[in-house]
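Biologist: I want to learn how to read a model like this one. Please take me through it feature by feature.

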Amino acid sequence: MADGKEELRNPKVVFILSGKRKSGKDFVAKKLQETFGHDRCAVIRLSGPLKHEYARQNGLDFDRLLDSTSYKEFYRQDMIRWGEEIRNADPSYFCKLAVKLVLTGTSKENYSMQKPVWIISDARRKSDVHYFKQNYDKVVHVRINASEEVRKSRGWIFTAGVDDAESECGLDDEDYDVIIQNDHEQQLNSHVNSLRDYACS
């Protein structure tokens, strides 16, 4: 029988969400957490540790880097460049750090990992998906799509060096387990409810 520490590190299922900017990944993660229950489901953001360290090294406001604001957009390209340098040395660096911070209770979210469902809300690269598939038994890659018209209505504007970079395009050609079209909430609710089976089987 595994001890408590082992059980904490092995959730029943890990949902990995990927998608373009303004496709609604955070919104879907929130919906999923509401569906499974906050007491059973934890959301892990891979960008959290990256932004925290970037903010620390550059004297920036970490909380504002977490929001969907012009502040974050102003620093996005340089933050991407900086993150790439670290990933070149260790592709799974931010995945390992995100899990470690939450497991030790030192992340901003301060979630208890005694929850059977984990949601990785912002996977962007093949190395992100590879890390979780290599380390956890049941991983479901969920692709979040939204039409350009809807994304523009949410504030998306194509930005060279961002929307054509690996951080946005790295998972475009993956084989997804589930594809969610997130243009309308009614459409979204149907998809979200269908994911219950993955956590129950």
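Biologist: Among contacts between residues at least 6 apart in sequence, what percentage join residues at least 24 apart?

Modeller: This is a predicted model, so keep that in mind throughout. In the protein chain, 78% of those contacts join residues at least 24 apart. The chain holds 11 helices and 5 strands.

Biologist: How do I judge the overall dimensions? What radius of gyration does the protein chain have?

Modeller: Compare the value with a globule rule. For 201 residues, a compact globule would come out near 17 Å. The protein chain has 16 Å, so the two agree. Along the principal axes, the C-alpha atoms fill a box of roughly 50 × 40 × 30 Å.

Biologist: And the surface? What share of the residues counts as buried?

Modeller: Of the 201 residues, 46% are buried.

Biologist: Now a single helix. What span should helix 3 have?

Modeller: Helix 3 covers residues 47-58, which is 12 residues. At 1.5 Å a residue it should span 16 Å, and its end C-alpha atoms are 16 Å apart, so expectation and model agree. Just after helix 3, Gly59 takes a positive phi of about 65°.

Biologist: Which residues of helix 3 are buried?

Modeller: Start with the general idea. An α-helix has 3.6 residues a turn, so residues three or four places apart point the same way. Here the buried residues are Gly48, Pro49, Leu50, Lys51, Tyr54 and Ala55. Their cover includes helix 4 (62-66), helix 5 (70-89) and helix 6 (93-103).

Biologist: Take Pro49 from that list. What does Pro49 contact beyond its neighbours in sequence?

Modeller: Pro49 sits in helix 3. Its relative accessibility is 6%, so it counts as buried, the cut-off being under 20%. Leaving aside neighbours within four places, Pro49 is in contact with Phe94, Leu97, Ala98 and Leu101. The C-alpha atoms of Pro49 and Cys95 are 8.9 Å apart, although 46 residues separate them along the chain.

Biologist: Loops next. Where is Ala123, and is it buried or exposed?

Modeller: Ala123 lies in the loop between strand 3 (117-120) and helix 7 (126-135). With a relative accessible area of 2%, Ala123 is buried. Beyond four places in sequence, it touches Ile16, Leu17, Ser18, Leu46, Asp128 and Leu171. From Ala123 to Ile16 is 107 residues in sequence, but 6.5 Å in space, C-alpha to C-alpha.

Biologist: Is Arg21 buried or exposed?

Modeller: Check the area before guessing from residue type. Arg21 is buried, with a relative accessible area of 8%. Its place is the loop between strand 1 (13-19) and helix 2 (25-36). Not counting residues up to four places away, Arg21 touches Glu73, Arg76, Arg151, Trp156, Ile157, Thr159, Val162, Asp163 and Glu168.

Biologist: What is phi of Lys22?

Modeller: Phi of Lys22 is near 65°, a positive value in a residue other than glycine. Lys22 is also in the loop between strand 1 and helix 2. With a relative accessible area of 29%, Lys22 is partly exposed.

How values were computed:
Residues are numbered from 1 along each chain as its sequence is written. This is a predicted model: local features need pLDDT of at least 70, side-chain atom pairs count only at pLDDT 80 or more; totals for chains, interfaces and linings use all residues. Side-chain values use heavy atoms; hydrogens and water are left out. Helices (H or I, at least four residues) and strands (E, at least two) are DSSP runs, numbered from the N terminus. The radius of gyration is taken over C-alpha atoms; the globule rule is 2.2 Å times the number of residues to the power 0.38. Buried means under 20% relative accessible area, exposed over 50%, partly exposed in between (1.4 Å probe, protein chains only). Contact means heavy atoms within 4.5 Å. The expected span of a helix is 1.5 Å times one less than its number of residues.
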